[in-house]
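I opened a new structure today and kept notes.

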Amino acid sequence: MRDAILGLCARPVCSLDVADVGAGTGIWSRMLAARLPASLTAVEPNDAMREQGVEDSYGLRITWHAGSGEGTGLDDGAADLLTMASSFHWVDVDAGLREFRRVLRRGGALWNPREVEANPLLAEIEGEIRRLRPDLRRVSSGRSGITATLTARLAAEPGYGPPLYPEARHVVRQTVEHYLGVWRSANDVQAQLGPAVFAKFLGRAREALAEHDVVETTYLTRAWAVQRLP
């Protein structure tokens, strides 16, 4: 999916100035950096996550910058490609798309979240969240409500071409600690469960995985891409 998104720019990757907005700790930023674009700026509003991203990206050609989707702090026309990986749902859509059009040169692209489809064991673990908090509402998920209308929303947005929607499925093999770490990054789940109940959930997840050394997680990566018009 990374290479497909980069290919939308129809130019050598080494000539692209890329901005990754809502970069978090830089997981997607580092994937982009591995393709060696001309420049890569990671924009993240949360100080702690940005600091972790700087630490984890040591030695890579990534410039870290404080900013948000509505106000990136980047110059006009600074990027050939602007991405948001699993973070566009936090942005005011109208304000964000105006900001992206300002930052993008003609032909830039935007993409958004991933949706996780788990194996039966992981589905059972996820079901534990509902048992602990039946009214919990997922926000930072590729299955959250914004994805149902995003294609139409982008198609109606002035200043952008018709949206493209690629998707791809792949399996990731993770250690148990890595898998639990992914849950620790799910801010919406932690906020709604609260520290004590979230700790209980992690404990039950760890018990369910006690006989497993490796966790196989199936990801359905869903991408929405639009090009900026003149």
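I count a contact when heavy atoms lie within 4.5 Å. The model is predicted, so I noted that local features need pLDDT of at least 70, side-chain atom pairs count only at pLDDT 80 or more, and totals for chains, interfaces and linings use all residues. Residues are numbered from 1 along each chain as its sequence is written, and side-chain values use heavy atoms, with hydrogens and water left out.

**Entry 1: the cores.** I looked up L110, leaving aside neighbours within four places in sequence. L110 touches L82, M84, F88, L97, F100, L154, W224, A225 and V226. Next I checked the nonpolar cores (buried Ala, Val, Leu, Ile, Met, Phe, Trp, Tyr and Cys residues joined through side-chain atoms within 4.5 Å). Buried means under 20% relative accessible area, exposed over 50%, partly exposed in between (1.4 Å probe, protein chains only). The largest core holds 20 residues, and L110 is among those with the most contacts inside it. Elements giving two or more residues to this core are β1 (17-21), α4 (93-103) and α6 (146-155). I took helices (H or I, at least four residues) and strands (E, at least two) as DSSP runs, numbered from the N terminus. A second, separate core has 18 residues, including L6 and A109.

**Entry 2: E51.** Is E51 buried or exposed? E51 counts as exposed because its relative accessibility is 56%. E51 sits in helix α3 (residues 47-56).

**Entry 3: the sheet.** I found four strands in an open sheet, ordered β3-β2-β1-β4, with parallel pairing. Two strands pair if DSSP finds at least two bridges between them. β3 (63-65) and β4 (81-83) each have a single partner strand, so one side of each lacks a neighbour in the sheet. Strand β2 (residues 39-43) pairs with β3 over three bridges.
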